[in-house]
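Visitor: I am new to this structure. Please show me how to read a few of its features.

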Amino acid sequence: MMAGRSIRPLRHATFTAGLTITVLLLATAATSLVYTPRDPLEMSITGRLQGPSAANPLGTDQFGRDLLSRVMRGAVTSILVGVIAVGIGMGVGVTLGMLSGYFGGWLDEAFMRVMDAVQGFPAILSALLMSAVFRPSLTISMIAIGVAFLPVFARLTRGSFLELRDREFVQAARALGAGDAALIGRHILPNTLSPLIVQATISFPVAILAEAALSYLGLGTQPPHPSWGLMLKEAQAFLSLNPWYAIFPGTAIALTVLGLNLLGDGLRDLLDPKLAS
Amino acid sequence: MRRYILRRVAALVATLFCVSVLVFVVVRVLPGDPALIIMGTEASPEAAARLREAMGLDRPIPVQYLEWVGQALRGDLGRSIQYDVPVASLIVSRLSVSLPLTLMAALVMALLAIPCGVFAATHHRRWGDYLAMVLSQIGIAVPGFWAGLLLILLFSVRLGWFQSGGFDGWSQGVWPALKALLLPAVALGLFQFAVLARTTRSAVLEVLREEYVKTARAKGAAERSVLFRHTLRNAMIPIVTVAGIQLGQLMAGSIVLESVFYLPGLGRLALGAISARDLPVVQGVVLFVASLIVVINVAVDVLYGLLDPRIRYN
């Protein structure tokens, strides 16, 4: 990809900063699964809505639960939703895009109209609709966010397939007797991966923001499970009593998204030879 | 040109058809029995049967779809179960909050983002550029609803300059209404500001590298005229495109911000309808907003073709 020029990713300041924050996020989430300072669900009647202190470094919520422990565990929810939502969007989107770009014709036309329509459904709209029909839940929020990613993955894949399907190496493989499945899976798809990886990296923080917003509206993670968005929803009722309650979970979201965005920007610079030169 | 527009309009009709099918499938087909969702599982079989008949659920699904779409096209989105008024009139009355909020956010976004992006581009790789880019990184990372909470914390709880939410309607005067929408509009526009500032910066940077800009400079044009007459005019194409797409995203985002500031708009209407099992309202709002976003996207596409002749000949 970058013949004759060595890349040193860690020299790239944006990439390094993003990577550092992301590694810290993953470490926090992993740690929280085996250790949190307190039980994130343990309530305490006497210590409600406290500001930061030695016992509770980030303070406590309206049930006296330790905010640091809850913010730590909230990272797991965010990562989980991010990974699954992007997985849904990428899995289905890439499949549709491959079929569209490879076969073309009326199939392509139909798929693209559906993708135009899906573009009219940001995560919030699908979540509203599905929550009205079923009950609001974490699963619905993941599906709603994933659906919102379909068009971008489908278009990206379709574009690459349109560009590659008549190239010589594909024609050569076809002449040697490769079937459609082999051409798609073994010859074309591997060549479309780097923009897809970049897109997945860019989508991940968007998914985390969407999860936070949906949980804030009560359409995502349900209580008592810790989710940054849900914590902010609860914090709003106590803004004047304990402002810290509204500050720490929000900071966690912003830092996470910042780190992932920097990582995505850095990765794009490093993987895209057109921009790097 | 006419052929280009006609093609886009034909695609728009097909896309709107897909939108309506998607909404219909989620509401009428996926759940099995919408009557039970509205009435709850403990409803008596007779009552459920009456509702099914009233909603036309006893007929074949394609017939149900055609009837539903036919009514929607005539502006009939059904009746709200909770308020017992037509859904369409509820949507129209709530639009008087959601629409001004979206437009104000778009205005805040464009007024800040375009100068900020131009400044960054003209100060490429200097402190002004870095400052603008740091600001936009923060804007992209901060969730809108949290920005709203922070604005309430600062301007309502601490300083007491603004009310912390609520909206008394336009009958109380234009200024109080605009003031009630200002903080939500700023919080809503923040993310899109950051996106648009980055778009503007890269669009202007790209044009500044063009030969004709060098030519303009070489023949001695003033820097001001190079910037406004030669650069900005050409950079406007990607800027307008991105801003147009953002309009749809702002519309969706306003649903969240209405909740933060307790504004009686479309989003709060739909959210309230979920707990009240008022399926026709949710269905109507989602169909309306999704169609609006699709129409905006196509309008942007057409505008893009008008602004840039290279696109429509492709």
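This is a predicted model: local features need pLDDT of at least 70, side-chain atom pairs count only at pLDDT 80 or more; totals for chains, interfaces and linings use all residues.

Visitor: What makes a residue buried or exposed?

Guide: Count C-beta atoms, placed from the backbone. A residue is buried with 20 or more others within 10 Å of its own, exposed with 12 or fewer, and partly exposed in between. Helices are DSSP runs (H or I, at least four residues), numbered from the N terminus.

Visitor: How many residues of helix H4 of chain A are buried?

Guide: Eleven of the eleven, residues 123–133, so helix H4 of chain A is largely enclosed by the rest of the structure. Among them are A:Ala123, A:Leu128 and A:Val133.

Visitor: Which residues does a cis peptide bond join?

Guide: A:Pro223 and A:Pro224, with omega about 5 degrees. A:Pro224 sits in the loop between helices H8 (193–216) and H9 (228–236) of chain A.

Visitor: What is phi at B:Arg125, and where does this residue lie?

Guide: Phi is positive, about 60 degrees, although B:Arg125 is not a glycine. Its loop runs between helices H5 (87–122) and H6 (127–141) of chain B. B:Arg125 counts as exposed because it has 8 C-beta neighbours inside 10 Å.

Visitor: And what is phi at B:Tyr262?

Guide: Near 50 degrees, positive in a residue other than glycine. B:Tyr262 lies in the loop between helices H10 (223–260) and H11 (266–275) of chain B. It has 14 C-beta neighbours inside 10 Å, so B:Tyr262 counts as partly exposed.

How values were computed
Residues are numbered from 1 along each chain as its sequence is written. Chains are lettered from A and ligands numbered from 1 in the order in which they are written. Helices (H or I, at least four residues) and strands (E, at least two) are DSSP runs, numbered from the N terminus.
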